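Have the sequence and the 3D view ready as you read.

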Amino acid sequence: MSKIAEWEREFQVWQYSVSHSMLLLRSVNVEGFETRIDVLFTAVELMHLQPYCARLEISEATSVERGQILGDQLAAELPGVLYLLNGGESYVLARRCSWHEDLGDHHSPSKFGPLRGTE
């Protein structure tokens with residue numbers, strides 16, 4: 001696995017859009033942090049995750065890890081990158097993962113544009 005990003009702060013599933021297959025994880029200005037972080041996964045094919053995590057580490061699975069987690073047949077058939085969250089306790093199979101940190105709060109618009117239910 002190859003680490004992509006890591007934050008030592010709380011994150012929660014903020015939104016999932018079925019129509020556009022987008023998953024947004026958000027860390028709002030929790031105690032001790034002045035910023036908000038949005039993590040967006042696009043073209044989500046599969047996901048297995050908890051609604052809340054105390055920290056977030058995102059890694060890209062190797063082809064071996066991908067086969068072990070998804071099974072060889074699904075691993076070969078499904079497009080996208082398998083992103084492992086927190087050492088593999090959760091995962092998201094998506095085409096892309098992006099993040100943005102700003103001074104917004106839970107009501108501020110996301111840098112990723114208007115997401116239904118998220119201003």
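Below we look at the sheet, the helix and the nonpolar cores.

## Before we start

This is a predicted model, where local features need pLDDT of at least 70, side-chain atom pairs count only at pLDDT 80 or more, and totals for chains, interfaces and linings use all residues. Residues are numbered from 1 along each chain as its sequence is written, and side-chain values use heavy atoms, leaving out hydrogens and water.

## The sheet and its helix

Five strands make an open, antiparallel sheet, in the order β1-β7-β8-β9-β5. Strands here are DSSP E runs of at least two residues, helices are H or I runs of at least four, and both are numbered from the N terminus. Two strands pair if DSSP finds at least two bridges between them. Since β1 (2–7) and β5 (46–48) sit at the edges with a single partner strand each, one side of each has no neighbour in the sheet.

Take β8 (residues 81–85) and β9 (residues 90–94): five bridges join them. Here L82 stands opposite L93 in β9. Helix α1 (residues 63–70) packs on the sheet and touches β5, β7 (56–60), β8 and β9. Touching, or contact, means heavy atoms within 4.5 Å.

## The cores

A nonpolar core is a set of buried Ala, Val, Leu, Ile, Met, Phe, Trp, Tyr and Cys residues joined through side-chain atoms within 4.5 Å; buried means under 20% relative accessible area (1.4 Å probe, protein chains only). The largest one has 17 residues, and W7, F11, L25, V39, F41, L56 and I58 touch the most other members. Strand β4 (36–42) gives the largest share, three residues.

A second, separate core has eight residues, including A75, L78, L82 and Y91.

Methods:
Axes fitted to C-alpha atoms, helices over the stretch in contact; angles between N-to-C directions. Buried < 20%, exposed > 50% of the residue type's maximum accessible area, 1.4 Å probe, protein only.
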